[in-house]
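Subject: Structure handover

Hello,

Here is the structure I said I would pass on. My notes on it follow below.

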Amino acid sequence: LPARAHAQREVQRHDFDSPEGRLLGYYSAALAFTSGGPALGGRPWSVDLGVEATFVPPLSRAQRQAGSDKPQSSNLAPAFPRPRVSLTFPGRVQAEASWIPPVRVFDAEANLISLAVSRPIRDVRGITLVPRLAFTTGSIEGAITCNDELTEGGLDQQVYFGAVCQGRESEDHFEPRHYTLEVLGSRMMHDGRIVPYASIGVRHERTRFDI
């Protein structure tokens, strides 16, 4: 009978303070579904639409090496666009949602879903406090470990691309998962025409990188 060979997949775990963990955490933080405003809500059943663009500063060659002698091709996009919609329910409860469809932008193809819910709870000396819960999950595909840029590097990188990468780009998957709890504080100024706000919170991440 013919025998079927099963490939063994190596699973590695990296803490946030390791070189690999810092590299994953850097790009994961850029995807955080933070509030796009003071989250004060509006009229019941009112809907707001918008698009945000997050600038993603490029990392240097040394920062992208992640403890190895080969830099990762992780500078796939200089900006991260995200459409978002919010719906205000009675009681000033605000729900937010965002979906990035699987459309290739620059050198990456993302498919991310984000949800959030918030509600103003009280005023403290004119400052409105708003707790907010948010969740993000999905994946981003790109050629990170094996990229054509290796053919423009030194001899060792060219050999790596030909032998390890088999002369082709990889289809790597970066899969973040966020749970965020934050509290926003805002104060209306100039009859509500200007509303500065600040937030503080915690985020639990479980990010997977599939080579």
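Arg-132 and Glu-182 form a salt bridge through their side chains, at 2.7 Å from N to O. The model is a predicted one. Arg-132 belongs to strand 6 and Glu-182 to strand 8 (residues 177–186), so this pair ties together parts that lie 50 residues apart in sequence. Both of these residues are buried.

A second bridge links the side chains of Glu-96 and Arg-84, with an N to O distance of 2.9 Å. Here Glu-96 sits in strand 3 (residues 93–105) and Arg-84 in strand 2 (residues 79–89), so the parts tied together are 12 residues apart in sequence. Glu-96 has a relative accessibility of 8% and counts as buried. Arg-84 is also buried, at 13%, since the cut-off for buried is under 20%.

Arg-203 and Glu-205 make another salt bridge, in which the closest N and O atoms are 2.8 Å apart. Arg-203 is partly exposed, with a relative accessible area of 35%, and Glu-205 is partly exposed at 26%.

As for how the bridges connect, shared partners join Glu-52, Arg-82, Arg-84, Glu-96, Arg-132 and Glu-182 into one network. The structure holds 7 salt bridges.

Val-117, Leu-133, Leu-181 and Val-202 make a nonpolar surface patch of about 350 Å². Of these, Leu-133 is located in strand 6 (residues 127–142) and counts as partly exposed, at 48% relative accessibility.

The other patch is negative and is formed by Asp-107, Asp-148, Glu-149, Glu-152 and Glu-169. One of its members, Glu-149, is found in the loop between strand 6 and helix 2 (155–163). The relative accessible area of Glu-149 is 47%, so this residue is partly exposed.

Last, a glycine. Gly-21 is part of helix 1 (residues 19–29) and is buried, with a relative accessible area of 7%. Leaving aside residues up to four places away in sequence, Gly-21 touches His-14, Asp-15 and Phe-16. From Gly-21 to Thr-207 the separation is 186 residues in sequence, but 9.2 Å in space, C-alpha to C-alpha.

Regards

Notes. Residues numbered from 1 in each chain as written. Predicted model: local features only at pLDDT ≥ 70, side-chain atom pairs only at ≥ 80, totals over all residues. Heavy atoms only, no water. Patch = residues over 30% accessible without salt bridge, like charges linked within 9 Å, V, L, I, M, F, W, Y side chains within 5 Å. Areas by Shrake-Rupley, 256 points an atom, 1.4 Å probe, with all protein chains shown as cover. Salt bridge = Lys/Arg side-chain N within 4 Å of Asp/Glu carboxyl O. Helix = DSSP H or I, 4+ residues; strand = E, 2+ residues; numbered from the N terminus. Buried < 20%, exposed > 50% of the residue type's maximum accessible area, 1.4 Å probe, protein only. Lys, Arg positive; Asp, Glu negative; His and termini not counted. Charge placed at Lys NZ, Arg CZ, Asp CG, Glu CD. Contact = heavy atoms within 4.5 Å.
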